[in-house]
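Here are some questions on how the labels for this model follow from its values. Each reply sets a value beside its cut-off.

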Amino acid sequence: MTPATRRASLAALISSPGVTLAAPPILIPPAAYFDLAGEELGARMILTQGTNGDEFCLRPDFTLPIAIEHIAAGAETPAAYGYLGPVFRQRADGPAQFDQGGLELLALPDADAALDRVIAFARAVTNLYSVVGPNIRMGDIDLFETVLDACDMPDVWRPRIRARFGHPQAMAALLDRLENPKSPSAGPAGLPQTDIAEWVRELMLTNGLSLTESRTPEEIAQRYLEKQALEAAHVPARAIALLRDYLAISGPIETALAAVENLAAATGIDLSKTLAVTARRLAQLRDGLAGEVLFDAGFSPRLDYYTGITFEVTGAGGSVLVSGGQYDRLLRRLGAPEDIPAVGCAVWVDRLENEVNP
Amino acid sequence: MSAITLALPSKGRIQEEAIAVFETAGLPIGRPGGARSYLGEMAAMPDVTVRFLSASEIARELIRGTIDIGVTGEDLIHETAESGPAQVEIVKRLGFGRADAVVAVPDSWIDVTHMADLSDVAADFRARHGRWLRVATKFVNLTRRHFACHGIAEYRIVESLGATEAAPASGAADLVVDITSTGSTLKANGLRVLEDGVMLKSESVLTIARNADWHTGKLATLDRLLGVLGASKFP
């Protein structure tokens with residue numbers, strides 16, 4: 001087979017019966033990306049401006065434009081979308097334009113079956129490009145969130161820890177800080193919160209700051225006291241140790257699942273319900289993709305609309321060929337009235353081609 | 001062909017100080033077209049063509065490799081392109097044009113003294129205020145790099161091309177990343193630099209364009225110039 005015939009076969013796999021082939025515009029407004037991912041993705045996008053000042057980007061992926069269009073059109077669910085075409089991202093290890101193909105399934109009634117369908121698609125693609133012995137890595141966002149919920153700590157820290165999931169250095173730095181909090185700065189120590197807020201309010205007015213547009217005096221006073229309280233070991237050492245131990249778990253299915261079970265037993269938290277789903281998902285990936293599956297507790301995209309599991313497939317060359325997962329919160333974030341279960345995967349066409357002809 | 005192009009800042013004190021560096025080394029720079037001309041000449045080394053450009057243009061052209069060597073601010077090399085520092089080589093730090101790129105928050109944010117505090121505030125901000133934390137700056141690349149280094153992703157940059165220090169009071173942003181030499185402008189605007197908020201200690205630097213066409217003839221001229229100036233060797 002030539003690259004062209006492989007590509008034609010890939011296009012055929014993508015536009016299988018029941019799948020709507022999506023062809024969103026290449027030039028799109030970047031607002032949704034900034035809104036969902038903040039500045040970190042901004043650095044990777046290729047941005048430009050119209051003569052009237054409107055901002056545009058070259059689409060950095062297909063998932064968002066497809067989801068936005070699905071909502072805007074009031075399209076019926078369940079829905080299945082396929083795509084194949086160029087996406088654009090600034091990156092150090094390759095050209096800024098590259099082809100991706102993929103499948104997105106929205107609101108399918110049976111989550112297990114939907115995931116199986118995505119996995120079967122990924123398998124067909126890796127077969128097409130003769131990927132031998134694929135390595136599969138899986139992370140589980142639900143399981144991390146369950147562990148975090150079970151940790152004994154003030155609620156204020158949970159979203160902050162959640163926001164660091166998927167960024168090992170930032171997570172380690174935060175856990176270190178919770179373990180050894182810095183002394184709070186000199187200031188109105190010993191005052192009650194209302195007096196501190198009053199003090200802050202005066203300072204804000206002196207400096208000409210709005211009391212409502214940005215952080216409010218109450219919010220600042222509250223966090224100031226919280227920082228002082230942290231010094232008095234507000235987050236128990238065993239909660240920090242539990243998170244560290246959990247995030248360090250990484251290995252083949254049986255070993256990793258046993259490690260999670262042991263940790264739960266040792267710390268007296270109940271993970272059985274979520275863990276049963278994790279085990280089922282791992283088996284789905286192993287059986288569906290016929291490769292080695294590694295469970296990595298700390299593996300996650302750093303975007304909070306991902307839910308459930310996330311996975312990636314690497315080939316002999318070590319680069320990611322397929323990445324996918326569940327993202328039940330995305331459509332609501334984009335304006336849908338409720339969470340819509342969603343699962344999909346993207347395949348990197350150029351890298352797959354390199355697997356055939358390294 | 002052994003001629004190389006040297007670019008010097010086209011205005012202000014950094015222009016005077018840059019010219020003085022060469023004069024002190026025994027390489028006075030003349031301006032045959034008068035003080036407003038954008039071309040200069042180095043009588044002691046006629047193989048060096050001198051051009052006067054704005055400091056930010058010098059940074060950009062050094063990165064592209066369309067000029068060979070120049071004097072510009074280190075901050076501009078970092079800011080012009082994400083991979084800018086890798087495209088050039090600093091051969092001498094010149095000790096003038098000193099300025100720090102810093103992260104500064106309203107002084108009233110008494111709970112925020114370090115980048116770690118800012119990462120907490122950023123993580124909570126959207127849930128509390130329905131929008132991202134906003135950072136006003138003209139140093140987009142530097143800011144993204146520094147914030148990413150501290151694991152902060154939950155913010156937006158508001159590009160500001162002047163009077164950045166006024167952005168928190170005008171409501172355009174919540175905090176700023178700005179360049180400062182003494183910190184007095186920030187202080188006058190009720191802003192405080194975080195204790196680990198210095199992103200870059202910048203000064204004017206003599207810099208070589210790695211991407212220029214460095215054939216043997218040009219390298220010989222460059223080598224002599226760097227020798228006279230007491231700069232590091234290139235390559």
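**Labels and cut-offs**

A:Ser130 lies in the loop between H5 and strand E7 (135–140) of chain A. This is a predicted model, where local features need pLDDT of at least 70, side-chain atom pairs count only at pLDDT 80 or more, and totals for chains, interfaces and linings use all residues. Residues are numbered from 1 along each chain as its sequence is written, while chains are lettered from A and ligands numbered from 1 in the order in which they are written. Helices (H or I, at least four residues) and strands (E, at least two) are DSSP runs, numbered from the N terminus.

Q: Why does A:Ser130 count as exposed?
A: A residue is buried if 20 or more other C-beta atoms lie within 10 Å of its own, exposed if 12 or fewer, and partly exposed in between, with C-beta atoms placed from the backbone. A:Ser130 has 12 C-beta neighbours inside 10 Å, so A:Ser130 counts as exposed.

Q: Why are H5(A) and H13(A) called roughly parallel?
A: Axes are lines fitted to C-alpha atoms, for helices over the stretch in contact, and angles run from 0 to 180 degrees between N-to-C directions. Angles under 35 degrees count as roughly parallel, over 145 as roughly antiparallel, 65 to 115 as roughly perpendicular and the rest as oblique. The axes of H5(A) and helix H13 (residues 272–289) of chain A cross at roughly 30°. H5(A) and H13(A) are therefore roughly parallel. Their axes come within 9 Å.

Q: What is the handedness of the crossing of H5(A) and H13(A)?
A: The crossing is right-handed. A crossing is left-handed if the near helix is turned anticlockwise from the far one by less than a right angle, and right-handed if clockwise.

Q: Which residues of H5(A) and H13(A) meet?
A: Two residues are in contact if their C-beta atoms, placed from the backbone, lie within 7 Å. H5(A) brings residues including A:Leu115, A:Ile119 and A:Arg123. Among those from H13(A) are A:Arg281, A:Leu285 and A:Leu289. This contact has 6 nonpolar, 2 polar and 3 charged residues. Here Ala, Val, Leu, Ile, Met, Phe, Trp, Tyr, Cys and Pro count as nonpolar, Asp, Glu, Lys and Arg as charged, and the others, Gly among them, as polar.

Q: Why are H7(A) and H5(B) called roughly perpendicular?
A: Helix H7 (residues 157–164) of chain A and helix H5 (residues 115–129) of chain B pack at about 105°, with axes 9 Å apart. H7(A) and H5(B) are therefore roughly perpendicular. A:Pro159, A:Arg160 and A:Ala163 meet B:Asp120, B:Ala123, B:Asp124 and B:Ala127.

Q: How many residues bring chains A and B into contact, and which element of chain B gives the most?
A: 28 residues of chain B are in contact with 33 residues of chain A. H5(B) gives the most to chain B's side, with 6 residues. By class, that side has 13 nonpolar, 6 polar and 9 charged residues.

Q: What makes a nonpolar core, and which residues touch the most other members of the largest one?
A: A nonpolar core is a set of buried Ala, Val, Leu, Ile, Met, Phe, Trp, Tyr and Cys residues joined through C-beta atoms within 7 Å. The largest has 70 residues, and A:Val118, A:Ala122, A:Val125 and A:Val347 touch the most other members. Helix H5 (residues 111–128) of chain A supplies the largest share, 7 residues. A second, separate core of 42 residues includes B:Val121 and B:Phe125.

Q: Which peptide bonds are cis, with what omega?
A: A cis peptide bond joins A:Thr77 and A:Pro78, with omega about -5°. Another cis peptide bond joins B:Phe234 and B:Pro235, with omega about 0°.
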